[in-house]
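Reader: Hi! I have a model open here and would like to talk it through with you. Could you take a look?

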Amino acid sequence: AQGRLAELEPPLAAMAERYPGQPAWRVGLARVYVDSGRLALARPLLTELAADGFALLPRDRSWIFNLALLCEIAAAVEDGAVAALLLRLLRPFAHRNVALTGGVLSCGSAARFT
């Protein structure tokens with residue numbers, strides 16, 4: 001809302017490098033790249049995360065939230081194949097609200113992405 005999302009890039013990049021087993025940091029970094037108009041940097045992260053049907057993403061409480069962010073990233077980089085895969089993964093949750101940490105971070109209804 002304040003137009004300061006780019007300030008998150010250094011800490012997100014550091015966390016993504018330090019914790020490669022936690023892909024949510026790369027999802028966040030890709031989102032920052034998209035929001036700052038650097039699609040060429042977001043695209044390889046999306047491709048890496050999409051490997052094997054997003055098998056890197058743990059199916060934990062942040063899974064749907066990460067998928068929602070990835071939908072926005074796929075749309076921004078115009079990757080129809082990844083978007084179609086994300087659609088199939090999110091469709092069963094279309095009736096739910098996508099939120100993280102008790103609703104502090106929200107993407108709205110999952111139906112928005114399907």
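Author: Happy to! One term before we start: a residue counts as buried when its relative accessible area is under 20%, and as exposed when that area is over 50%. Also, keep in mind that this is a predicted model.

Reader: Good. How many residues of helix 4 are buried?

Author: Twelve of its 14 residues are buried, so helix 4 is largely enclosed by the rest of the structure.

Reader: Which ones are they?

Author: The buried residues in helix 4 are Trp63, Ile64, Phe65, Asn66, Leu67, Ala68, Leu69, Leu70, Cys71, Glu72, Ile73 and Ala74.

Reader: And Ala75, is that buried or exposed?

Author: Ala75, which also sits in helix 4, is exposed because its relative accessible area is 53%, and the cut-off for exposed is over 50%. Its C-alpha is separated by 9.9 Å from that of Val34, a residue 41 places away along the chain.

Reader: What span does helix 4 have from first C-alpha to last?

Author: Helix 4 covers residues 63–76 and reaches 20 Å, close to the 20 Å expected at 1.5 Å a residue. After the helix comes Glu78, which has a positive phi, near 60°.

Reader: Let's go to the core. Which residues have the most contacts inside the largest nonpolar core?

Author: Phe54, Leu67, Leu70 and Leu86 do, in a core of 30 residues. Helix 2, helix 3 (39–54), helix 4 and helix 5 (80–90) each supply at least two of its residues.

Reader: Which helix gives the most?

Author: That would be helix 4, with nine residues.

Reader: Nice. What does Leu70 touch, leaving out residues up to four places away in sequence?

Author: Leu70 touches Val27, Leu46, Leu49, Phe54, Leu57 and Leu86.

Reader: Changing topic: where is Arg26, and is Arg26 buried or exposed?

Author: Arg26 lies in helix 2, which spans residues 24–35. Arg26 is buried, because its relative accessible area is 10% and the limit for buried is under 20%.

Reader: What is around Arg26, beyond its neighbours within four places in sequence?

Author: Arg26 is in contact with Ala16, Pro20, Leu45, Glu48, Leu49 and Leu56. Leu49 is also one of the residues that Leu70 touches.

Reader: Great, thanks for the tour!

Note on methods. Residues are numbered from 1 along each chain as its sequence is written. This is a predicted model: local features need pLDDT of at least 70, side-chain atom pairs count only at pLDDT 80 or more; totals for chains, interfaces and linings use all residues. Side-chain values use heavy atoms; hydrogens and water are left out. Helices (H or I, at least four residues) and strands (E, at least two) are DSSP runs, numbered from the N terminus. The expected span of a helix is 1.5 Å times one less than its number of residues. Buried means under 20% relative accessible area, exposed over 50%, partly exposed in between (1.4 Å probe, protein chains only). Contact means heavy atoms within 4.5 Å. A nonpolar core is a set of buried Ala, Val, Leu, Ile, Met, Phe, Trp, Tyr and Cys residues joined through side-chain atoms within 4.5 Å.
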